[in-house]
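Please walk me through this structure, with the cut-offs behind each term. I would like the overall picture, then the helix packing, then the charged pairing.

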Amino acid sequence: AVCTELAKSISNLASDQLFYVVFFNESFFPMSGGAKNPQLVPASQQNKREILQFLQSARASGGTNPEPALQFMAHLRPDVIYLLTDGAFSPLEPQTYKSLNRATIKVNTIGFESGLPIPILQDIARQTGGVYRNAGVNGSSPGLVFADPAIVKQSLRSPDAAVRRDAVSAAFIRQLPFVTEVIGLLND
């Protein structure tokens, strides 16, 4: 769900905007090529395509500690960070808040896995001038997630935008090899 939400968000970026993606568990994992020379990248179609491939390689494992990733991002100095997590971690250290605030970085937090407010994420957003949003649990039908891959691919060409969105989510979540088709449809 986090990767699908992230893919949709990145697809909506204008080509003159910059972005960077970092995954985290107990450690952090910057997007391809990012550890050597980290810098925000333009939201070009090529970079969007590459990040979608990076997102397909993501695997949930280990615990949750966003602090090293947030400290890493503070050095890149983006205008805003979107922190997508279940919020199951210890409070951030004061030094992390100082780094983020010194760089005037807002942290917008998005809580997953719970339909209830997540206090730690509300606090991070409040202390950095960001906004908290709860994405909750996706209680809707699995749609095409469990459909045959041929049906998912066919649905990517449906005249119904809702069916196309469901097919994009299914292709992404199941890591089906439709990268070119999916990138073109993410703006739907």
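The text below goes from the whole chain to one helix, its partner, and a salt bridge.

This is a predicted model, in which local features need pLDDT of at least 70 and side-chain atom pairs count only at pLDDT 80 or more, while totals for chains, interfaces and linings use all residues. Residues are numbered from 1 along each chain as its sequence is written, and side-chain values use heavy atoms, with hydrogens and water left out.

The protein's secondary structure comes to 8 helices and 7 strands; these are DSSP runs numbered from the N terminus, helices being H or I with at least four residues and strands E with at least two. Of the 188 residues, 44% are buried (under 20% relative accessible area; exposed is over 50%, partly exposed in between, with a 1.4 Å probe and protein chains only). Among contacts (heavy atoms within 4.5 Å) with a separation of 6 or more, 63% join residues 24 or more positions apart.

Helix α3 has 7 of its 10 residues buried, so it is largely enclosed by the rest of the structure. Those residues are Glu67, Ala69, Leu70, Phe72, Met73, Ala74 and Leu76, and they pack against β2 (22-24), β3 (28-30), β5 (80-85) and α4. Arg77 follows α3 and has a positive phi, near 55°.

Two packed helices are described by the angle between their axes and the distance between the axes. For α3 (residues 67-76) and α4 (residues 94-102), the angle is about 25° and the axes are 9 Å apart. Axes are lines fitted to C-alpha atoms, for helices over the stretch in contact, and angles run from 0 to 180 degrees between N-to-C directions. The two helices are therefore roughly parallel to each other (under 35 degrees; over 145 is roughly antiparallel, 65 to 115 roughly perpendicular and the rest oblique). On the α3 side, Glu67, Leu70, Gln71 and Ala74 meet Thr96, Ser99 and Leu100 of α4. The residues of this contact divide into 3 nonpolar, 3 polar and 1 charged (nonpolar: Ala, Val, Leu, Ile, Met, Phe, Trp, Tyr, Cys and Pro; charged: Asp, Glu, Lys and Arg; polar: the others, Gly among them).

Side chains of opposite charge can pair when their charged atoms come close. A search of the whole structure finds 1 salt bridge (a side-chain nitrogen of Lys or Arg within 4 Å of a carboxyl oxygen of Asp or Glu). Asp123 forms a salt bridge with Arg126, with the closest N and O atoms 2.3 Å apart. Both residues lie in helix α5 (residues 119-128), 3 residues apart, about one turn of the helix. Asp123 is partly exposed, at 24% relative accessible area, whereas Arg126 is exposed, at 58%.
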